[in-house]
Amino acid sequence: MEQLHIIGGGMAGSEAAWQAAELGVPVVLHEMRPNVGTFAHRTGDFAEMVCSNSFRSDDDERNAVGLLHWEMRAAGGLIMEMAGSHRLPAGGALAVDREAFSAAVTERLRAHPLISFASEEVTTLPSSGHWIIATGPLTSGALAGAIQAETGADSLAFFDAIAPIVYAETIDMSVAWRQSRYDKGETEAEQKAYINCPMDKPQYEAFIDALLAAEKTEFHEGEAESSPKPTPYFDGCLPIEVMAERGRETLRHGPMKPVGLTNAHDPANKPYAVVQLRRDNALGTLYNIVGFQTKMKYAAQAAVFRMIPALENAGFARLGGIHRNTFINSPRLLDDRMRLKSRPNIRFAGQITGVEGYVESAAMGLLAGRMAAGEIMGRDLAPPPPETAIGALITHITGGAEAKTFQPMNVNFGLFPPIDAKGGRRGRKDRYKAYTDRAKEAFTAWLS
């Protein structure tokens with residue numbers, strides 16, 4: 001039987017190796033550490049947790065992350081099994097002893113008779129054989145360059161300036177209105193593609209004051225030096241607080257400009273500034289705050305962004321941030337089997353595909369490992385249905401998200417097809433339980 005080669009021994013690579021080997025496929029796991037280190041890693045162990053020691057909520061009935069935990073456990077996931085064996089008290093969250101967890105994953109992988117190891121840095125894209133690239137946000141410079149050369153200069157990012165994303169249902173539409181600037185677009189849907197949140201002058205001035213005063217995050221040591229660009233920011237993606245520092249009117253003439261818009265609730269009065277929200281997924285359940293890349297700390301973001309009229313009660317599917325992150329434009333580059341369209345012998349998995357977080361990365365490794373093993377054994381494996389947590393993620397990154405504005409995403413119920421609210425509007429708890437009940441039934445059927 002042909003071997004499966006996996007590059008990267010993080011969450012995704014470890015899970016992919018385990019899944020494929022458990023299905024009977026021989027695996028070679030390529031990991032450059034400890035021979036070649038990164039600024040964030042401290043050991044050569046697999047699945048090292050370089051940031052938090054938490055896998056977040058373990059509530060599989062009313063939380064999308066907890067549902068993802070459930071699905072991975074149902075699929076025999078190594079990461080979830082070892083997390084459960086080394087968990088620490090953390091309320092409703094799944095937190096672990098990070099060193100014991102990583103050591104246990106390493107021990108289980110090294111003990112598997114079908115997994116062998118290569119302590120080396122892979123610097124080119126293999127032209128033959130079955131491969132999974134699961135190198136995460138700290139992909140080595142040489143391999144990142146090879147990926148960039150294959151996929152195009154605009155397909156790989158090294159510093160990730162992220163704008164927040166809000167749940168559509170939490171936007172106050174009695175204040176906001178739908179309209180594209182200058183009513184552009186040939187269809188009504190295009191002409192109303194944006195949600196607009198108006199500000200008067202006192203509201204704008206207070207917002208700028210809060211923005212300038214908010215606590216900001218700093219780059220980790222070594223991040224700036226590792227960037228291939230002379231500036232840590234993306235071209236055209238300056239954090240809003242950096243723009244505000246250049247002048248109090250900068251934002252009003254940039255992402256918050258009020259031109260070409262008429263407030264449907266108060267047509268006679270022109271807003272002083274407007275914050276626009278743009279749909280972020282095909283379902284229309286998520287909206288990103290246009291041009292609002294930020295490096296404010298999370299607590300500050302929530303406080304400052306809820307000063308925006310219509311967002312006073314906003315629920316955030318993702319907050320903004322800026323940090324080094326290597327990820328490909330998956331909606332454009334990958335097929336629904338996670339294969340690189342231009343080189344279908346190569347799959348991508350983990351954070352490099354545009355998912356955010358330990359659990360999401362491991363879940364994409366689980367799926368890639370199973371898909372690759374199925375292909376080697378002559379069986380095509382379709383992705384899980386989009387009603388499942390893993391299915392919602394893979395659907396989002398391989399077609400559900402907008403390629404032009406694609407940014408890394410955590411799992412959340414906004415990625416799922418909406419629940420049919422028969423019998424009236426459901427409360428949030430009941431609605432989330434309906435999502436997880438539906439997902440468990442669908443995932444169980446997919447596994448079988």
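Glu 81 counts as partly exposed, at 36% relative accessibility. Partly exposed sits between two cut-offs: buried means under 20% relative accessible area and exposed means over 50%, with a 1.4 Å probe and protein chains only. Arg 108 is also partly exposed, at 29% relative accessibility. Glu 81 and Arg 108 form a salt bridge, and their closest N and O atoms are 3.0 Å apart. Arg 108 lies in helix 4 (residues 98-111) and Glu 81 in helix 3 (residues 78-85), so the pair ties together parts that are 27 residues apart in sequence. A salt bridge here is a side-chain nitrogen of Lys or Arg within 4 Å of a carboxyl oxygen of Asp or Glu.

This is a predicted model, where local features need pLDDT of at least 70, side-chain atom pairs count only at pLDDT 80 or more, and totals for chains, interfaces and linings use all residues. Residues are numbered from 1 along each chain as its sequence is written, and side-chain values use heavy atoms, leaving out hydrogens and water.

Now step back to the whole protein. Its secondary structure comes to 14 helices and 17 strands. These are DSSP runs, numbered from the N terminus: helices are H or I with at least four residues, strands are E with at least two. The protein has 448 residues, and 56% of them count as buried. Take the contacts between residues at least 6 apart in sequence: 70% join residues at least 24 apart. A contact means heavy atoms within 4.5 Å.

Start with helix 1. It has 12 residues (residues 11-22), which should span 16 Å at 1.5 Å a residue; its end C-alpha atoms are 17 Å apart, which agrees. The expected span is 1.5 Å times one less than the number of residues. How many of the 12 residues of helix 1 are buried? The count is 11, so helix 1 is largely enclosed by the rest of the structure. Among them are Met 11, Glu 15 and Trp 18. Just after helix 1, Gly 24 takes a positive phi of about 100°.

Move on to helix 7 (residues 201-213). Its 13 residues reach 18 Å from first C-alpha to last, close to the 18 Å expected. The buried residues of helix 7 are Tyr 204, Phe 207, Ile 208 and Leu 211. Seen down the helix axis, they fall within an arc of 100°, so they line one face of helix 7. That arc is taken from the directions from the helix axis to the C-beta atoms. What do these buried residues pack against? Their partners are strand 11 (194-199), helix 9 (240-245), strand 12 (273-279) and helix 10 (298-305). On the other side of helix 7, Pro 202 and Ala 213 are exposed. At the start of helix 7, a side-chain oxygen of Asp 200 comes to within 2.9 Å of the backbone nitrogen of Gln 203.

Return to the salt bridges. The structure holds 19 of them. One joins the side chains of Asp 209 and Arg 248, at 3.0 Å from N to O. Asp 209 lies in helix 7 and Arg 248 in the loop between helix 9 and strand 12, so this pair ties together parts that are 39 residues apart in sequence. Asp 209 is partly exposed at 42% relative accessibility, and Arg 248 is partly exposed at 34%. Another salt bridge links Arg 339 and Asp 335, with closest N and O atoms 2.8 Å apart. Asp 335 and Arg 339 also belong to a network of salt bridges with Arg 347 and Glu 375.

Definitions and conventions: Polar contact = N/O pair within 3.5 Å; in protein donor to acceptor, adjacent residues only side chain to side chain.
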